[in-house]
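Keep the viewer open as you read.

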Amino acid sequence: MNEKMRRKDRETTEERAYEILKNGEYGILSTIGEDGYPYGVPVNFAVEGNKIYFHCAPNSGLKLKNVEYSNKVSFCTVQNNRIDGAKLTSKYESAVVFGTIAKSVKNKNRGLELIVEKYAPEFIESGNRCIEKSGSRTGVYEITIEKITGKENK
């Protein structure tokens with residue numbers, strides 16, 4: 001987590017890294033299992049303050065099994081990725097987070113509201129009805145950001 005970025009010329013400010021994170025279409029949540037294998041899975045997410053929220057089935061799946069084993073996670077998102085063949089490089093904006101994860105109890109509904117606001121802003125009312133109706137059957141987890149870095153090659 002404390003490794004220095006090799007390409008300092010592409011490193012962003014922390015503020016810019018948060019901007020990239022918030023605007024990401026989806027993110028990859030990486031966990032570690034008791035078998036020693038890492039597991040990365042794409043998730044829809046929303047950010048507020050130093051928290052990342054995502055929803056899932058409440059009590060099943062490999063990511064939740066891994067979270068029970070270790071609450072340390074990494075999360076990343078990449079946007080505006082395109083290949084610049086003439087220069088043999090990629091153009092991109094990325095953010096990488098290190099943090100801890102926990103089941104969201106007191107912020108569960110807020111996490112779901114943020115996800116609706118991000119992915120379906122024109123359907124807030126129906127999203128809120130859905131949260132009210134099926135929120136009890138939905139798990140919400142939050143990542144507390146301990147470190148964030150950003151990198152871009154425009």
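Predicted model: local features only at pLDDT ≥ 70, side-chain atom pairs only at ≥ 80, totals over all residues.

Two strands are said to pair if DSSP finds at least two bridges between them. S1 and S5 pair in the antiparallel sense, over three bridges. To find the place by eye, look for Ser30, which stands opposite Ser74 in S5.

Now follow S5 to its other partner. S5 and S6 are antiparallel too, and eleven bridges join them. Here Asp84 stands opposite Thr89 in S6. The two strands form a hairpin with four residues between them, and in it Leu88 takes a positive phi near 55°.

Next, turn to helix H1 (residues 14–23). Which residues of this helix are buried? They are Arg16, Ala17, Tyr18, Ile20 and Leu21. The cover over these buried residues includes strand S3 (46–48), strand S4 (51–56), strand S5 (72–84), S6 and S7.

Let's move on to the pockets. Rolling a probe the size of a water molecule over the atoms shows where empty space is left. The largest pocket has a volume of about 270 Å³. Its lining is made of 17 residues, and Glu3, Lys4, Met5, Lys147 and Thr149 lie nearest its centre. Strand S6 (89–103) and strand S7 (139–153) are the elements that give two or more residues to this lining. Sorted by class, the lining holds eight charged, five nonpolar and four polar residues.

The second largest pocket has a volume of about 190 Å³. Among its lining residues are His55, Leu112, Tyr119, Cys130 and Thr138. Here the elements that give two or more residues are helix H3 (108–119) and helix H4 (124–134). What is the make-up of this lining by class? Seven of its residues are nonpolar, five are polar and none is charged.

To count as one here, the sulfur atoms must lie within 2.5 Å. The sulfur of Cys56 has its closest cysteine sulfur in Cys130, 15 Å away, so the two are too far apart for a bond.

Terms used:
Residues numbered from 1 in each chain as written. Heavy atoms only, no water. 1 Å grid on protein atoms, 1.4 Å probe; cavity = no way out; pocket = protein on both sides within 12 Å on 5 of 7 lines; lining within 4 Å. Points joined across faces, edges and corners; volume = space filled by probe spheres on them. Nonpolar A, V, L, I, M, F, W, Y, C, P; charged D, E, K, R; others polar. Buried < 20%, exposed > 50% of the residue type's maximum accessible area, 1.4 Å probe, protein only. Contact = heavy atoms within 4.5 Å.
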